[in-house]
Amino acid sequence: ERYTSTRDPQHTVSLSEALKNGIAPKGGLYVPSDSLPHWSPGQWKRLLGLPYKEKALRILEKWLPIPTKTTQENSSPNSHHLRTALDVFNAFSRPDVVPVVHLEGNQFMQELFWGPTGSFKDLALQMLPYFLTRAVEWPVGMNYGMVVAT
């Protein structure tokens with residue numbers, strides 16, 4: 001699986017490199033180079049009754065062929081590694097992670113503030129360190145710092 005910069009279609013990298021780089025050259029984002037994963041209506045429907053972590057697992061399995069230090073770059077997703085990454089959601093204050101609450105009539109709202117910092121960014125940023133330590137091959141003896149601001 002290759003990822004392409006939104007600002008330079010000629011610039012493509014592996015998932016490991018996209019994670020390591022963060023932002024693509026010229027301020028672009030990395031998106032999958034191939035077509036986006038296809039979901040049939042039945043596949044979407046099967047997600048409805050699942051807990052949040054199981055839904056996230058099914059979606060991540062289609063989007064992220066997570067390479068690990070013991071697998072090849074193009075290996076199929078490893079559910080064990082993804083399940084471990086999703087354990088970060090155990091730190092959320094609600095077991096349903098991001099509950100949908102009924103306001104009135106046909107109005108609903110999804111609450112994205114139940115993470116450790118009370119920010120919607122917890123949904124992605126809690127998993128990022130896991131991916132950076134498992135999916136990226138770092139040079140021996142090299143130290144990296146990560147700054148995340150909300």
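This predicted model holds 4 salt bridges. Side chains of opposite charge can pair when their charged atoms come close. Three of these pairs are described below.

Start in helix α1, which spans residues 15–21. Here the side chains of Lys20 and Glu17 meet in a salt bridge, with N and O 3.4 Å apart. Both residues lie in α1, 3 residues apart, which is about one turn of the helix. An α-helix has 3.6 residues a turn, so residues three or four places apart point the same way. Lys20 is partly exposed, with a relative accessible area of 29%. Glu17 is partly exposed too, at 31%.

Now move to helix α3. There Arg58 forms a salt bridge with Glu54, and the closest N and O atoms are 2.8 Å apart. The two residues are 4 residues apart in α3, or about one helical turn. Arg58 counts as partly exposed, at 31% relative accessibility.

Lys53 forms a salt bridge with Asp87, and their closest N and O atoms are 3.1 Å apart. Lys53 lies in helix α3, while Asp87 lies in the loop between α4 and β4, so the pair ties together parts that are 34 residues apart in sequence. Both ends are partly exposed: Lys53 has a relative accessible area of 26%, and Asp87 has 39%.

Which residues of α3 are buried? They are Ala56, Leu57 and Leu60. These three cover an arc of only 105 degrees around the axis, which puts them on the same side of α3.

The largest nonpolar core has 24 residues. Tyr3, Leu86, Phe89, Met127 and Phe131 have the most contacts inside this core. Helices α1, α3, α4 and α6 each give two or more residues to the core.

The strands come next. Strand β1 covers residues 2–5, and strand β2 covers residues 12–14. They run antiparallel, and 3 bridges join them. Arg2 stands opposite Ser14 in β2. A hairpin of 6 residues joins β1 to β2. Strand β1 also pairs with strand β3, residues 30–32, in the antiparallel sense over 3 bridges. In that pairing, Ser5 stands opposite Tyr30 in β3.

Two glutamines complete the tour. Gln107 is in strand β5, residues 107–110. Leaving aside its neighbours within four places in sequence, Gln107 is in contact with Val101 and His102. Gln107 counts as partly exposed, at 41% relative accessibility.

Where does Gln126 sit? Its place is in the loop between α5 and α6. Not counting residues up to four places away in sequence, Gln126 touches Val88, Phe92 and Pro116. Gln126 is also partly exposed, with a relative accessible area of 25%. Finally, return to Asp87, the salt-bridge partner of Lys53. Gln126 and Asp87 are 39 residues apart in sequence and 9.6 Å apart in space, C-alpha to C-alpha.

Methods. Residues numbered from 1 in each chain as written. Predicted model: local features only at pLDDT ≥ 70, side-chain atom pairs only at ≥ 80, totals over all residues. Heavy atoms only, no water. Pairing = 2+ DSSP bridges. Buried < 20%, exposed > 50% of the residue type's maximum accessible area, 1.4 Å probe, protein only. Arc of directions from axis to C-beta. Contact = heavy atoms within 4.5 Å. Core = buried A, V, L, I, M, F, W, Y, C linked by side-chain atoms within 4.5 Å.
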